[in-house]
Amino acid sequence: PGLIAVHASALARSGRADAELPVALRTATGFVMGVVQAQLTRPVVGATDPDIERAQALSPERHPKLIEIAKAASRLGSEREFRAGLDIVMAGLTAS
């Protein structure tokens, strides 16, 4: 079976059915696809990410949280970011 079928089976085993099943499937799949897309459009390893650079250049008085996020993002590795994000998505699915 394909990856989507495997995900759907796993989510169905969690007790999801009817409308909850496609919502959970789309949520998990959307997260994974978003990460893949971000990975494919990022600069090569070792290069500076222009989005992080732009955020760090913002006014600290007006955008302190964006600057904080940019600094944290510059220290994250892609695997660590993926696993942390997946933990958040799965916790949300578990809580619902």
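**Reading the core and a helix**

Tutor: Keep in mind that this model is predicted. Start with a contact list. Leaving aside neighbours within four places in sequence, Val89 is in contact with Thr27, Ala28 and Phe31.

Student: Which residues make up the largest nonpolar core?

Tutor: In soluble globular proteins, nonpolar side chains tend to be buried together. Here the largest nonpolar core has seven residues: Leu11, Ala24, Leu25, Ala28, Phe31, Val89 and Leu93. Helix 2 (20-41) and helix 5 (78-95) each give two or more residues to this core. The largest share, four residues, comes from helix 2.

Student: Which residues of helix 2 are buried?

Tutor: Ala24, Leu25, Ala28, Thr29 and Phe31 are buried. They lie on the same side of helix 2, because they cover an arc of only 145 degrees around the axis. The face turned away from that buried side carries exposed residues: Val23, Arg26, Met33, Gln37, Leu40 and Thr41.

Student: What covers the buried residues of helix 2?

Tutor: The cover includes helix 1 (3-13) and helix 5.

Student: How many aromatic pairs does the structure hold?

Tutor: A pair of aromatic rings is described by the distance of the centres and the angle of the planes. This structure holds one aromatic pair. Phe31 and Phe82 are stacked, 5.6 Å centre to centre, with 25 degrees between the planes. The pair links distant parts of the chain: Phe31 is in helix 2 and Phe82 in helix 5, 51 residues apart.

Student: Why does Phe82 count as partly exposed?

Tutor: Because its relative accessibility is 26%. Buried would need under 20%, and exposed over 50%.

Conventions. Residues numbered from 1 in each chain as written. Predicted model: local features only at pLDDT ≥ 70, side-chain atom pairs only at ≥ 80, totals over all residues. Heavy atoms only, no water. Core = buried A, V, L, I, M, F, W, Y, C linked by side-chain atoms within 4.5 Å. Buried < 20%, exposed > 50% of the residue type's maximum accessible area, 1.4 Å probe, protein only. Contact = heavy atoms within 4.5 Å. Phe/Tyr/Trp six-rings, centres within 6.5 Å; stacked < 30°, edge-to-face > 60°. Arc of directions from axis to C-beta.
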